[in-house]
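Me: I would like to learn how to read helix packing in a model. Please start with the general idea and then go to the case at hand.

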Amino acid sequence: MSDISQINTPGAETISARALWTGRIMSGVIILFMIFDGVIKLPPLDIVTQTMAELGWPADVGTARLLGIIGLISTALYALPRTSFLGAILLTAYFGGAIATQVRIGNPLFSHTFFGIYLGLLLWGGLWLRNPRLRALLPFSG
């Protein structure tokens, strides 16, 4: 019988319950943030279109909705264990677009521009902690 504090996957290392839950919490923060981000773009709220205009994006409803749908689909893929790797790649691209937008308009580096990097680190860190196959692929040792 396997220890309840260990998760085993054939061909991959075991993950402690502590690492698994830390990864789930980190991933949960990203998922909740991205759900909020996507949902406010669907109506879209006035603050969304105003902010998009300030960032140099078209302030039309269609663009806001499209970005919201892309973000929500990518988040759903990330949230599902079978497609979490694909979702992580898509969200990384989404964050890359946000970073490029911030660089283009010259926003502050650590508070605005690097925000997408902070989200990406949380996203990949959470996935690495909860996914034994990713841990086997990228075996960071401390």
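Reply: Two packed helices are described by the angle between their axes and the distance between the axes. Here α3 and α4 pack at about 145 degrees with axes 6 Å apart; axes are lines fitted to C-alpha atoms over the stretch in contact, and angles run from 0 to 180 degrees between N-to-C directions. Helices are DSSP runs of H or I with at least four residues, and strands are E runs of at least two, numbered from the N terminus. The model is predicted: local features need pLDDT of at least 70, side-chain atom pairs count only at pLDDT 80 or more, and totals for chains, interfaces and linings use all residues. Residues are numbered from 1 along each chain as its sequence is written, and side-chain values use heavy atoms, without hydrogens and water.

Me: Which residues of α3 and α4 make the contact?

Reply: Contact means heavy atoms within 4.5 Å. L67, I70, G71, S74, T75, L77 and Y78 of α3 meet S84, L86, G87, A88, L90, L91 and Y94 of α4.

Me: At what angle do α1 and α6 cross?

Reply: The axes of α1 (residues 17-41) and α6 (residues 115-130) cross at roughly 140 degrees and come within 7 Å.

Me: Which residues of α6 are buried?

Reply: Buried means under 20% relative accessible area, with a 1.4 Å probe and protein chains only. In α6 they are G116, L119, G120, L123, G126, L127, W128, L129 and R130. Their cover includes β2 (15-16), α1 and α7 (132-137).

Definitions and conventions
Buried means under 20% relative accessible area, exposed over 50%, partly exposed in between (1.4 Å probe, protein chains only).
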